[in-house]
Every structure is written in structure tokens, then in C-alpha cells.
Amino acid sequence: MAKAFGIVTSTPRRVRVYGLQDFRSAGAIPLFGRYRVIDFPVSNLSNSGIDNIQVFIGGKYPRSLVDHLGTGRQYNINSKRGRLQLLYCEEDSRNEAYNTDIANYLANRDYLERMEEEYVVVTPCYMVFRQDFSDLLQQHIESGADITMLYHKVSNARDHFLNCRVMTLDDEQTVMSLSGNHANKQSQNIFMDTYIMKRELFLTLIDKTAAFSSAFSMSQMLEYRLGKTDLVIRGVQHKGYFAAIADLDAYYEANMELLDQKTTRSLFTVDWPFYTTTTDACPTTIMEGATVKRSVVADGSEIEGDVENCVLGRGVKVGKGAVVKNSIILSYVEIGPGVHVENEVVDKWTRITRTKEMTAPEGKTGFVRKSDLL
């Protein structure tokens with residue numbers, strides 16, 4: 001049976017989650033109360049039997065991501081034949097245009113050359129989905145393609161996935177084009193920044209991309225080479241839940257979608273667990289007179305007010321008479337007595353006590369952090 005190692009890429013330049021990404025990478029952003037976004041690609045690889053996983057760390061603020069990943073033991077990686085490697089690019093350019101995935105690969109090329117597996121599975125750190133990569137690898141081999149790219153078909157591309165790339169395919173699922181989402185069509189095939197190829201081809205493409213342009217990413221190189229190469233590049237459609245955490249609105253919507261039990265069950269199943277770093281804490285306490293409706297509340301929280309349609313992280317305190325609606329409250333936030341919070345994303349360690357109302361307009365996503373209230 002063919003073997004593959006996994007790569008979780010660093011955040012591409014086009015991804016920018018306002019506020020949340022100011023002091024952390026996209027992969028370290030908390031999701032649905034207890035996870036980080038990086039948990040989903042790493043768990044997918046581990047569940048697929050891929051035990052050699054490289055996580056490429058990029059950007060200015062790696063500490064939160066590195067602290068969360070640790071040694072990788074929580075991801076059920078076989079400690080005898082596999083490991084989780086955190087790989088850095090120590091030569092980040094002052095110009096963001098040159099801080100690409102290719103620059104990161106080149107800085108760690110020795111590690112890529114030493115991998116013994118014949119194939120490589122590349123998947124992004126900012127997308128949330130479930131995928132058995134062992135099945136995808138088998139499809140790739142049987143198809144005879146040089147590169148297999150994963151995509152998800154959506155019907156709302158005019159207003160969503162604007163920071164993603166889209167692909168067109170012919171009747172034989174051959175990829176014909178790859179470009180940015182220009183919001184000109186509702187139905188689009190969203191490229192999931194996930195692809196499979198042989199390791200030797202991957203190394204060749206890294207070198208060719210670097211020689212062509214120091215500002216090109218791998219996806220840009222694949223876009224450029226379509227129609228100009230004898231490489232066979234095919235697409236495979238992903239089915240099931242899919243979210244691209246590429247901006248603040250997408251982050252808010254992903255959390256809200258997962259409050260629906262049917263949606264949650266399509267992502268979280270007994271046979272496909274998503275692993276994360278656990279934190280020991282007391283169970284959540286809901287005081288007499290408080291109400292909690294259609295919400296996910298992580299452990300260690302204390303609720304004295306009213307919470308509706310919300311996701312609350314660990315150790316959140318909601319004071320007496322406070323109202324929290326349609327909001328994402330990250331860990332260790334304190335919402336004081338009588339405070340009204342609605343349609344907001346509130347960052348970790350924020351204390352909202354003096355300001356009595358923090359509400360974003362209907363249809364808008366607000367963002368509150370500790371420094372905004374000083």
C-alpha cells in the first residue's frame with residue numbers, strides 16, 4: 001500500500017481574520033468553544049493513518065499555535081513510526097508578498113527530501129472539513145493523475161468564500177483553470193487548498209516556482225501551469241461540512257452553523273474524532289434564574305444572566321442580569337452584571353464591565369478585544 005506524509009500549510013496571504021489574527025495565526029484561532037482550527041487538518045491526517053505530519057509555521061505570531069500543538073501526542077499519532085514536526089521559515093521577508101508557502105518549503109527543503117514516503121498530502125490550516133485522505137490517495141493512484149486537487153461545490157460564492165480560489169473542470173474532472181473568486185457566479189467549485197502528488201514532483205514544483213517568481217505560491221504556480229504542461233491535474237469533489245475561516249464573517253458564520261445539531265452531526269462522528277488539547281476545569285455552573293438557549297458552553301464557565309444562540313469558550317463569566325445573544329465569546333471573558341452583548345466576537349481575556357451595551361448592527365459582525373475597552 002502506498003504511503004504518504006502530510007503537510008499542513010501556513011496561512012496564505014489572502015487570509016485575514018480581522019482582530020483574531022492580529023496576535024495569532026489563522027490555525028490558532030479558537031473554534032466552537034474548545035477547538036483550534038488547526039485541530040481539524042491534523043486530526044484528518046492522523047485519522048487517515050498518516051503519522052508523519054509537518055506543520056509549517058508562518059507569520060509573526062507563532063507562539064499560540066506552537067503552544068497548542070505541543071508534541072502532537074493529543075492527535076493520536078503513532079509515536080513509534082510517526083511524529084509531528086513544526087517547521088519555521090526563519091528568513092521572513094519584510095515584504096509580505098514574498099512570505100509564501102514556497103519560501104517556507106525552501107527553508108525546510110532538507111526535511112522534505114528526507115521523507116521516505118512516496119506521496120505527499122498537502123492541506124491548509126484555515127479550513128474546517130472532514131476527509132479520509134487514505135481514500136483520496138487511493139483515488140489519486142487509480143486515476144493515474146499527476147496531481148489530485150480537492151474542491152467543494154458551493155451555491156453562495158457571490159457573497160462568501162471571497163478570499164478563496166475557484167476551479168473549473170471538464171467532464172472528465174480534469175482541472176481546466178484556477179483563479180480567485182471574483183464574485184461573478186453563485187455556483188463555484190472552491191479549491192480547498194488540498195492536493196496530493198508524488199514527493200519528487202512536489203520538490204520539482206517547489207524549485208520551478210522559486211525560479212519563476214519569488215512571490216509565487218504553490219497554488220499560483222499550479223494556476224500558471226494549467227494548459228502549459230503535460231501534467232495531468234484532476235479534481236475530486238468533497239462532500240459534507242466545509243468552512244473556510246478566511247475572514248471574520250466566515251469565522252462567525254462557521255460557529256453559528258455548528259450550533260445546528262444536524263450540521264454538527266455531519267462533522268463530528270464517533271468514528272472520526274477531532275482531537276485537541278484538553279484543559280481540566282470544573283463543569284459549567286448555571287445559576288438559579290439564568291437561562292441558556294441553543295448555545296455551546298465550554299467547561300469552567302459561570303452563567304448568571306441570559307445566553308442565547310452563542311458559543312462560549314472556557315472560563316467565561318456572565319454576570320447577573322447580563323444578556324448575551326448571537327455572539328462568539330472566547331475563553332476567560334468576563335461580562336459584567338447588566339451588560340448587553342449581541343452580534344459580537346469577543347476575544348480572550350476581555351472584561352466588559354463598565355460599558356453596558358456592545359451590539360453590532362443586524363447582519364454585521366462586531367469584534368471586541370481587551371485593548372478596545374482600556
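Is Asn44 buried or exposed? Asn44 counts as buried, at 1% relative accessibility; buried means under 20% relative accessible area, exposed over 50%, and partly exposed in between, using a 1.4 Å probe and protein chains only. The views below come from a predicted model, in which local features need pLDDT of at least 70, side-chain atom pairs count only at pLDDT 80 or more, and totals for chains, interfaces and linings use all residues. Residues are numbered from 1 along each chain as its sequence is written, and side-chain values use heavy atoms, with hydrogens and water left out.

View 1. Asn44 sits in helix α1, residues 39-47. Helices (H or I, at least four residues) and strands (E, at least two) are DSSP runs, numbered from the N terminus. Leaving aside residues up to four places away in sequence, Asn44 touches Phe129, Arg130, Gln131, Phe133, Trp272 and Phe274. Contact here means heavy atoms within 4.5 Å.

**View 2. Strand β1 between two partners.** Look here for strand β1, residues 4-8, which is largely enclosed by the rest of the structure because 5 of its 5 residues are buried. In a regular strand the side chains alternate between the two faces of the sheet. Both faces of β1 are covered, with Ala4, Gly6 and Val8 buried on one side and Phe5 and Ile7 buried on the other. Two strands pair if DSSP finds at least two bridges between them. β1 pairs in the parallel sense with strand β6 (residues 119-123) over 5 bridges, and Phe5 stands opposite Val120 in β6. Strand β4 (residues 52-57) also runs parallel to β1, joined by 3 bridges; there, Ile53 is the bridge partner of Gly6.

**View 3. An open sheet of 5 strands.** The order of the strands is β16-β19-β22-β25-β28, and the pairing is parallel. At the edges stand β16 (296-297) and β28 (366-368); each has a single partner strand, so one side of each is left without a neighbour in the sheet. Within the sheet, strand β22 (residues 328-329) and strand β25 (residues 344-346) run parallel and are joined by 2 bridges. Ile329 stands opposite Val346 in β25.

**View 4. Tyr251 and the largest nonpolar core.** A nonpolar core is a set of buried Ala, Val, Leu, Ile, Met, Phe, Trp, Tyr and Cys residues joined through side-chain atoms within 4.5 Å. The largest one has 67 residues, and those touching the most other members are Leu20, Ile38, Ile53, Val55, Val128 and Tyr251. Helix α8 (residues 248-257) supplies the largest share of this core, 5 residues. Another core lies apart from it, with 29 residues that include Val122, Phe202, Met218 and Leu226. Back at Tyr251, the contacts are Val17, Leu20, Ile29, Pro30, Leu31, Ile245, Ile328, Leu330 and Val345, not counting residues up to four places away in sequence.

**View 5. Helix α6 and its buried residue Ile206.** The expected span of a helix is 1.5 Å times one less than its number of residues. For the 14 residues of α6 (residues 199-212) this should give 20 Å, and the end C-alpha atoms are 20 Å apart, which agrees. Buried residues in α6 are Arg199, Leu201, Phe202, Leu203, Leu205, Ile206 and Thr209. Ile206 has 0% relative accessibility. Not counting residues up to four places away in sequence, Ile206 touches Ile102, Tyr105, Leu106, Leu112 and Met218.

**View 6. Two loop residues with positive phi.** Asn76 has phi near 60 degrees, a positive value in a residue other than glycine. Asn76 lies in the loop between α2 (63-69) and β5 (83-88) and is exposed, with a relative accessible area of 52%. Ala183 likewise has a positive phi near 60 degrees. Ala183 belongs to the loop between β10 (175-180) and β11 (188-198) and is partly exposed, at 27% relative accessible area.

View 7. A disulfide is a pair of cysteine sulfur atoms within 2.5 Å, and a search of the whole structure finds 0. The sulfur of Cys164 is 12 Å from the closest cysteine sulfur, in Cys125, which is too far for a bond. Cys164 counts as buried at 2% relative accessibility, whereas Cys282 is exposed, with a relative accessible area of 58%.
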